[in-house]
Every structure is written in structure tokens, then in C-alpha cells.
Amino acid sequence: EKSIGKEVEEVEEGEKEEKKKERNVVAEEAAQPIERIRWLHETPNGWEVYSPEISRELEAARRAGKAEHTLRIGEDTYICRIKVDGGEPSQECNDESRRLRRHFMKEGLMGQWEMMSVKYQPPMSLYGEGALKMFQNVWGGAENSMGRQLGLGFLLVYSLLQGQKRCKVVT
């Protein structure tokens, strides 16, 4: 009987500790200035950061305790589920669902630099007809210098000019 009582006490103590940790996390998040929080949405080419105005709007809705918030961006209406029990925040528009993510920016220049980071994944190979088709997409207007559509752009051109990446079209 004593061992069962001790086990119950240990479980109760563990639950109290978890609740205390959860309260500390909530308090830390509430202490963060709303200007340092950025919301991101997932695209086929990675995560894109919402503007500071939209991030502020989403964060204000989250702090107000809303489970959903509707955004109007251009001509599209997005339904954002920002409080999800047991799941990730998401947004829906035109029967398409995307994941959402909150990011706490660091202070000062480091925080600004963090938001300008670029993710570049060079193509596996640049040979023959595949290379020609890829370059046709890049220079045919499907890509911009930031690499928003295909994840290429300026960094691909730079790596080719520097000799870091080789391209062989004629065999």
C-alpha cells in the first residue's frame, strides 16, 4: 500500500511540474514584444515570412485567445487556425491547406539578418537536355533573382560563374 501511495504522489508531482513548465512558457511568450514575432507559411519552396503587419494581426488574434482568424491578402481570403489542440497551426484558401509557424526574432541586427536568410539547394546535376530545360524555366520568366519559384535564381548563376557548379550541355 505504501508503494502505491508513493507512485500516486510521484505522478501528481510530475503533473504539477508539467503544468508549472507550461505556465512559464505561456508567460515567456506573453512577455515577448509583438513586434519581434513573425508568422511564416509553408510553400512548395520552403517557408515564407508574412509582413510585419500581417504577423502583428495574427499574433494579436492568438493573444486574444482566438482559435481562428480570417486574413484578406490581395483578392484571396485565408482562414488561419492559430490555436490547434494537438496539431500545428494552418491556413486554408481555395481548398488548399498550408502549415503556419511562429518565429521569435532575436534583438537588433541579428534578428533582422535572421529574417533575410536564404536557403539554396543547387540542382543535383546540370547535364544535357535536363540542364537546358531547367535554364529555360529560369530565364523564361518562371524564376526571379530571389529564387522564389524554383529555388534557383541569382545563387545558381553565381555558383556557375564561380566554378562551384559545373554544367555540361553538349556530350
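Trainee: How much accessible surface does the chain have, and what share belongs to carbon and sulfur atoms?
Mentor: The accessible surface comes to about 12700 Å², and carbon and sulfur atoms hold 51% of that. Such areas come from the Shrake-Rupley method with a 1.4 Å probe; for residues, only the protein chains shown count as cover. This is a predicted model: local features need pLDDT of at least 70, side-chain atom pairs count only at pLDDT 80 or more, and totals for chains, interfaces and linings use all residues. Residues are numbered from 1 along each chain as its sequence is written, and side-chain values use heavy atoms, with hydrogens and water left out.

Trainee: What share of the chain is buried?
Mentor: Buried means under 20% relative accessible area, exposed over 50%, and partly exposed in between (1.4 Å probe, protein chains only). Here 25% of the 171 residues are buried.

Trainee: Which elements should I look for, and in what order do they run?
Mentor: Helices (H or I, at least four residues) and strands (E, at least two) are DSSP runs, numbered from the N terminus. This chain has five helices and six strands. From the N terminus on, read α-β-β-α-β-β-β-β-α-α-α.

Trainee: In what order do the strands of the sheet lie?
Mentor: Strands of a sheet pair through backbone hydrogen bonds, either parallel or antiparallel. Two strands count as paired if DSSP finds at least two bridges between them. Here six strands form an open sheet in the order β2-β1-β6-β5-β4-β3, with antiparallel pairing. Neighbouring strands are turned by 30 degrees against each other on average, direction ignored. For such angles, axes are lines fitted to C-alpha atoms, for helices over the stretch in contact; angles run from 0 to 180 degrees between N-to-C directions.

Trainee: How many bridges join β1 to β2?
Mentor: Four bridges join this antiparallel pair. The two strands form a hairpin with two residues between them. Thr-43 stands opposite Gly-46 in β2.

Trainee: Why is β1 called largely enclosed?
Mentor: Six of its seven residues are buried, so β1 is largely enclosed by the rest of the structure. Helix α2 (residues 52–63) lies across β1, β3, β4 (76–81) and β6, running at about 105 degrees to β1.

Trainee: What does the turn between β3 and β4 hold?
Mentor: β3 and β4 form a hairpin with two residues between them, and Gly-74 in the turn has a positive phi of about 65 degrees. Six bridges pair these strands in the antiparallel sense. Glu-68 stands opposite Arg-81 in β4.

Trainee: Is Ser-90 buried or exposed?
Mentor: Ser-90 is buried, because its relative accessible area is 13%. You will find Ser-90 in strand β5 (residues 90–93). Contact means heavy atoms within 4.5 Å. Leaving out residues up to four places away in sequence, Ser-90 touches Ile-79, Cys-80, Arg-81, Ser-97, Arg-98, Arg-99 and Leu-100.

Trainee: How do contacts look across the chain?
Mentor: Take the contacts with a separation of 6 or more: 41% of them join residues 24 or more positions apart.

Trainee: Where is Val-169?
Mentor: Val-169 sits in the segment after α5 (154–162). Val-169 counts as partly exposed because its relative accessible area is 33%.
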